[in-house]
Amino acid sequence: MTQALISQILIGVSVTAILVISAIGLAVIFGVAGVINMAHGQFIMVGAYTAAVIGKMGGNTFVAIPVSFVVVALLGLAVERGVIRWIYDRPLETLLATWGVGIILEVVMKLIFGPELYYVGAPKVLAGSVHLVGRLPYPYYRLFLIVVAILMVAATFYLIFRTDFGLKVRAVRRNRAMSGCLGIDTAKIDMMIFMFGSGLAGIAGAVLAPIKSVSTTMGFRYAVDSYMTIVLGGVGNLWGVPTGGGLIGEGETLLAYKFNSVIGELLVFIFIVIAIRVFPRGIFGYQERR
Amino acid sequence: MLLLGAAVVAVIGGFPVVAGTDSYILLLLGKFLCYAIFALSIDLIWGFTGILSLGQAVYFGIGAYFVALSLKINYALDHPTRYGNKFPDFMEWNGLKALPHFMEPLVSTPFAVACALIVPTALAFIFGVITFKRHIYGVYCAVITLAESLILQEFIIEYQAYTGGFNGITDYSNYLGIPFLWFMLAVTIAFFLIARVLTHSRIGTVLKSIRDNDLRAQFMGYNVANYRIFVFCVSAFMSAAAGAMYAAWVGIISYLDTGPVFSVEGVIWTAVGGRATLIGPFLGAFLVKGLEFLLSGVLAAFWQLLVGLLFIFVVLVMPDGIVGSIAHWLRRHRKGTLTQLREEQDLLAHDREHDWQPAGVPRSGEESV
Amino acid sequence: MTMRRRKFLKSSAATLGAWTLGGTAPYYFMRNIAKAAEGDTIKVGILHSLSGTIAIIETSLHNAELLAIEEINAKGGVLGKKIQPIVEDPQSVVQVFAEKAKKLLLEDKVAAVLGCYTSASRQSVLPIFEQYNGVLLYPTLYEAQECSKNCFYTGAVPNQQLDDFVPWIINTLKRKKFYMVGSNYIYPKETNREVKALLEKHGGQNVGEEYAPLGHTEFSTIINNISGSGAEVVFSDLVGDSIVAFYKQFKQFGFTADDLPICTPITTEQEIAAMGPENAEGHYTSFNYFQSVDSPENKSFVERYKAKYGKDAVTNAVMEAAYFQTYFLAHAIEKVKSTEADALIYEGLPGQEFQAPQGKVKIDEQNHHTWLWARIGKANPQGQFDVVWKSENWIRPQPWVPYLYPDKTCNFTDQRVKERLSKPWSVEKNRSGTINL
């Protein structure tokens, strides 16, 4: 019993990692540019298909990660330049416009790749599993996902808090008008951050494809999970992503163990809706300085 | 104009008399009326008050499910199911042996209709109080309502013994026919008039001021939260009524009728037709759904592409929708002189600056509350 | 005051005018186009989702049916006329299935409809086919407990998939403890009910049963539960995306087919291609048809399919049913020299035989289901199935599972049934059901 529970908690860690991986791109964009990217799930999907193409050409996940980052970042650039930059001041409408982008991406990918499920394999190095504690052996690939999640969060932190670019981003985030007056090109910052966030979504697609299924309609579920994660964790503070992810990931796996998968998901959703009403801006909500 | 309006009502009302009741266009006509009411309800909260709900389908769906359940239970009483029992077949294959006791009141259809209207409105009231009293609005409100919508979907799928689950509820005697079409037409007109009165009264003006700048509205002494809750409930009521009629008319409903995709569709009908206008949602619903019906077969996958482009086009190029754009154009031509035109444009530009301010997302220092 | 009222009336009238004209005018236009296109063709409706979540599988059914129609037309068509497919896209939404079915029957006046995949979509269109007396040919394996005068089921029912499979697992694989995993909707729930009855009958044991939401792709918890249950075999009726994610994660958590095989009545070559053969190797599927079936008809079918849809295309059992049901329809129309629904339902289709890729198949005269062959396949490293067991003869379909519903049968040839069915539907309506005599 305890052995099974330990396994379950460990599984929860990997589920948390998956949530963090899929949500971090969205959190960066939402936190800085104030745009809810409803096409986030489809960005992940494009990343996964990029990995599939790389796989067909003989590359593995390690090759796919940078390629997917670049491909989806460029896609993000196109979307930002073509659509979003006109409507930064109307966040509710970016929601609709990016929803439209999502639909278009799904159709275009289906026209290119066909409607059937696509194959993406895991690299041979990460194929086996290792026996840690608990009842179940732990797959190497899930350990790899945990590492990727930590690296993605660390890279984002480094970029925002330790670089010149990050300083500007934080300035724009605090006070857009004043930053503009001080000579920061706020439009360019928005663009760069949108590209970066999109690229992270691309990585998510590339690393998640080998344990999940790849189809043109896969995006929606990831998008939903990502919204829940960042809304629960709160925007504006990057700690919100791992916190939200941890609560949802562990909560869902433990509840699924206690009851079943469906009820687990249901209870977690209900918990989120209640939690948001207690902490309207998420657990790590951004407190504006007066 | 009045004649034209009467003529149109006559066209819809008279259509089945001419074409017969077996036409599938009759089916579509009734469906579109329900969609139009749904879009109108979204217009009330989004167009006039500035609340974007991605969970409006929750109220539509609950209304629809109450009516469908009641009709299904009654149908099963008269026509034994394929298993030979007198309760709905989806209960049988989920292992129930009889109609559960808490569902017995639904045998009475009037009671079910009352539930279909009251329960969603009450739910909207509760959600409204805990959302708006806590100052959740803007993007957050959109995401929370999205979550609520997903919860309801999961709930319906999980408790399939009582809801039909993934398969939805079908195979019951629906009200497809001339009298019910007329009834729906009457309800549509009534809702249109209610919305008209509401938006052109003092309340409507307050709502618009809340949409444009809720902070100022609050300073003026209006209780912003209460106004939002009120309009949210009215809107939920309309959605629920549309859902109830939809279930009775179409004869098949499923969890998709409660989902976020349907809500977003409603938003886009409103946006295409023209938000903050009363004609817009009707025009939008009929146009988009009508085109979808005509073209989705011919264009197959490309239809979805067209829908995606439509989203972007409406947001970028025509934020006021068809009706709004025509109204602007007319106004411009009536005004005539150049100075007047310029004044008008200045006003519009001014509006644009303050319209649709990012609410809920702190973007700049001046927004700190 | 009067001014305001007049303005009010004006704008209201304008509103109603605008949306009705905008909404209804195009239909009349379209109807005329449709009429103009009528010529010397036989119209057949094709109703498979080409968009939405189920398009993943339904597109291949659509393709198989178009291939068959093309072949039939190349050989001169039916009754000297070409078959004209009327393709509709129901977008994976049950309401749209119902709406499009109605359009096909009432506006296009098709001779028959080939369509649907999920049970949900079939149940949504059946009332319409019964109300307007249309003909539906349905290619999917399904959970049974249903028959309808207007529907011909060319996919397998449980007695053609499970009745031999479950005892085979118990006796040949020598594995008695079953853990059941399914997607959360009617097909897996009904199937598992039948499997449990079979387990009781053949001395197996049910050690666990779990359902995941449709489209669920995180199976670690379920795998943890399986590992603690002492199961000797996993019986899966997951569908779609979930299959791929489950097999992949099952292997990643260190389970091999030798320790714990997955047995399933639904995983096809298509899903194996998507998960990679290395994740499926050694697991078992029970089906009527595999791409590897060794018959001249199948070789030529696979060749023609690949020639039309690309060399990477794989065929599967549901597609094969979609393919041969198109021939059933063509031959039935040929036989009765008519496209009238009643002629097809009472004379044309029942008893129709065809040399299909899986072997000779036949529509049962009495219950409108199809005589099929049963096979058990073991997935091999090439992503195909090695057939490890095959039924000695074709198997008669039993739409009511006898060990759950011993008193139920369907027989549409019974004279009393015919009499009752000949009455108008408003008088004698027993929708999507068996006649209870």
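In chain C, β11-β12-β13 is the order of an open sheet of 3 strands with antiparallel pairing; two strands pair if DSSP finds at least two bridges between them. At the edges stand β11 (353–356) and β13 (370–371) of chain C, each with a single partner strand, so one side of each is left without a neighbour in the sheet. Helices (H or I, at least four residues) and strands (E, at least two) are DSSP runs, numbered from the N terminus. This is a predicted model, in which local features need pLDDT of at least 70 and side-chain atom pairs count only at pLDDT 80 or more, while totals for chains, interfaces and linings use all residues. Residues are numbered from 1 along each chain as its sequence is written, and chains are lettered from A and ligands numbered from 1 in the order in which they are written.

- β11(C) and strand β12 (residues 359–363) of chain C run antiparallel and are joined by 4 bridges.
- Gln355(C) has Lys360(C) as its bridge partner in β12(C).
- Across β11 and β12 of chain C lies helix α13 (residues 317–336) of chain C, which runs at about 145° to β11(C). Axes are lines fitted to C-alpha atoms, for helices over the stretch in contact, and angles run from 0 to 180 degrees between N-to-C directions.

**The seven-stranded sheet**

- Another open sheet of chain C has 7 strands in the order β7-β6-β8-β9-β10-β14-β15, with mixed pairing.
- Its edge strands are β7 and β15 (385–390) of chain C, each of which pairs on one side only.
- From one strand to the next, the twist averages 25°.
- Within this order, strand β6 (residues 177–183) and strand β8 (residues 233–237) of chain C pair in the parallel sense over 5 bridges. Tyr179(C) has Val234(C) as its bridge partner in β8(C).

**The β1–β2 pair**

- Strand β1 (residues 41–47) and strand β2 (residues 82–88) of chain C run parallel and are joined by 7 bridges.
- Opposite Ile46(C) stands Val87(C) in β2(C).
- The path from β1(C) to β2(C) goes through α2(C) and forms a right-handed β-α-β crossover (with the strands pointing away from the viewer, the path from the first strand over the helix to the second runs clockwise).

**Helices α3 and α4**

- Helix α3 (residues 94–106) and helix α4 (residues 119–131) of chain C have axes that come within 8 Å and cross at roughly 35°.
- Residues of α3(C) including Phe97(C), Ala101(C) and Leu105(C) take part in the contact, as do residues of α4(C) including Ser124(C), Ile128(C) and Phe129(C). Two residues are in contact if their C-beta atoms, placed from the backbone, lie within 7 Å.
- The residues of this contact comprise 9 nonpolar, 2 polar and 1 charged. Ala, Val, Leu, Ile, Met, Phe, Trp, Tyr, Cys and Pro count as nonpolar, Asp, Glu, Lys and Arg as charged, and the others, Gly among them, as polar.

- Chain C is divided into domain 1 (41–156 + 294–371 + 400–422) and domain 2 (163–264), with bounds that come from an automatic or database domain assignment.
- The C-alpha centres of domain 1 and domain 2 of chain C are 30 Å apart.
- Domain 1 of chain C contributes 9 residues to the contact and domain 2 of chain C contributes 10.
- Between chains, 33 residues of chain C are in contact with 32 residues of chain A.
- Elements that each supply at least two residues of the side of chain C touching chain A include α2 (55–74), α8 (220–229) and α9 (241–252) of chain C.
- That side of chain C has 12 nonpolar, 16 polar and 5 charged residues.
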